[in-house]
Amino acid sequence: MNKKVKIIPIFVPHAGCPNKCVFCNQRRITGRKDDKIDGVYVRNRVEKYIKTIDKDTYVEVAFFGGSFTAIDPQIQKDLLMAARLYKDSGIIKRIRCSTRPDAINEEILRLQKEYGMDIIELGIQSLDDDVLIKSNRGHNKSQSLSASRLIKEHGFILGHQIMPGLPGSTREKDLKTCLESIEMKPDMVRIYPTLVIKDTDLYDMYLEGSYKPLTLEEAIELSAYIYSLYRINDINVIRIGLQNTESVNENEDVIAGPFHPAFRQLVEDRIFLFALKSQLSKLNMEDILEGIVIHAPQELMSNLAGQKRNNVNKLKEIFSIKDISFKMKNNDIIDIYGKNKKLCSFSNKDVFQNYLTMQSEDLCI
Ligand code: SF4
């Protein structure tokens, strides 16, 4: 899909949630304080948004921030009918929601189908039962497996949300969660490394010392590995890290944990740095010392160069290269040129495979 996609978020903070997960405070994360959400609210939101959206944009309505499919069915119908009117008239193209694995069954899915739901994002968070208990999720791994299967069987697009760094988790458990998620073949994934948000049980656990969040560096490395695993399996990773909002930033509601306003870029930069390092280390040093030109598609340029040209500076230092410049090209293959000749080529997919191989060999920069 080449069109610009715009999601109209309808936040339903904690609606339908049967318990309070230790890390979650949706009112702080979404910035929404009032609870009154109904069909009129949905219509007002959509009307307001569509005035600001270009005509050829692919628009979706998304019910986020709660357990949508666990809300009272009458309220779900009211909300969905409001969104459905815009879908039937072609103004919006898809309706999506996020929900819990234990809020999925045949009857619930029939209602979603009847009222036009297209994408169901499951907060599986971890597939380790001990981690789920310590996070007070209130569901277990087998419910995540069965909900994912049912969602796909009923013809919905399946999303998974996973949270590395939850209480009781380890790198191995987080990687196992990722691999088991891949086996369920989600169509899209969000990776949210765990943050300590104000007014949550995790905040208390952090204060009393029973929870230690991932450092930013640990979260970048782990997310890069998980992201690469999804990418080599052709699974679309639609978000890495919580979105920076008025309240989700380090000085407001995020008390601790690996928050960075450009977290995804840090993760992607790291993966591309490894790819370039790996390619350059295979080359003859005399061919690169005077300078190299990297030919790549425009969308990869900033990842190759890194934030504030971090990757460029590191590579210059590691390999003593005088100059690294970039040239735009149209296909997906990345070429590295020396003074007068092409030195090597690699594909976007090679970049992710390379990261997994290098990390498995425990090479570090
Ligand atoms: S993580 Fe999801 S299920 Fe848990 S309290 Fe937050 S919105 Fe509800």
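Which elements do the buried residues of helix 12 pack against? I started there, in what is a predicted model. The buried residues of helix 12 are Asn303, Leu304 and Ala305. I found them packing against helix 10 (263-281), strand 10 (292-296), helix 13 and strand 11 (324-328).

**Entry: past the end of helix 12.** I read on along the chain. Gly306 follows helix 12 and has a positive phi, near 85°. Arg309 sits in the loop between helix 12 (298-305) and helix 13 (310-319). Is Arg309 buried or exposed? I counted 12 other C-beta atoms within 10 Å of Arg309, so I logged this residue as exposed; the cut-off for exposed is 12 or fewer. I also looked up the distance from Arg309 to Asp269. The two are 40 residues apart in sequence, and their C-alpha atoms are 9.8 Å apart in space.

**Entry: the whole protein.** I then stepped back to the overall figures. The protein has 14 helices and 13 strands. Its radius of gyration is 22 Å, close to the 21 Å that the globule rule gives for 365 residues, so I noted the protein as being as compact as a globular protein of that length. The C-alpha trace spans about 70 × 50 × 40 Å along the principal axes. Of the 365 residues, 40% are buried. I took the contacts with a separation of 6 or more and found that residues 24 or more positions apart account for 79% of them.

**Entry: strand 6.** Which residues form the covered face of strand 6, and which the uncovered one? Val189 and Ile191 are on the covered face of this strand (residues 188-191), while Met188 and Arg190 are on the uncovered one. In a regular strand the side chains alternate between the two faces of the sheet.

I looked up the pairing next. Strand 5 (residues 157-162) and strand 6 run parallel and are joined by four bridges. Ile162 has Ile191 of strand 6 as its bridge partner.

Entry: Most residues other than glycine have a negative phi, and most peptide bonds are trans. I wrote down two residues with a positive phi.

Asp234 is not a glycine, yet has a positive phi of about 60°. This residue lies in the loop between helix 9 (216-232) and strand 8. With 9 other C-beta atoms within 10 Å, Asp234 is exposed.

His14 is not a glycine either, and has a positive phi of about 65°. I located His14 in the loop between strand 1 (5-11) and helix 1 (26-30). His14 is partly exposed, because 18 other C-beta atoms lie within 10 Å, and buried would need 20 or more.

**Entry: the ligand.** Which residues are around the ligand? His14 is one of them.

Notes
Residues numbered from 1 in each chain as written. Predicted model: local features only at pLDDT ≥ 70, side-chain atom pairs only at ≥ 80, totals over all residues. Rg over C-alpha atoms; globule rule 2.2 N^0.38 Å. Contact = placed C-beta atoms within 7 Å. Pairing = 2+ DSSP bridges. Near = placed C-beta within 6 Å.
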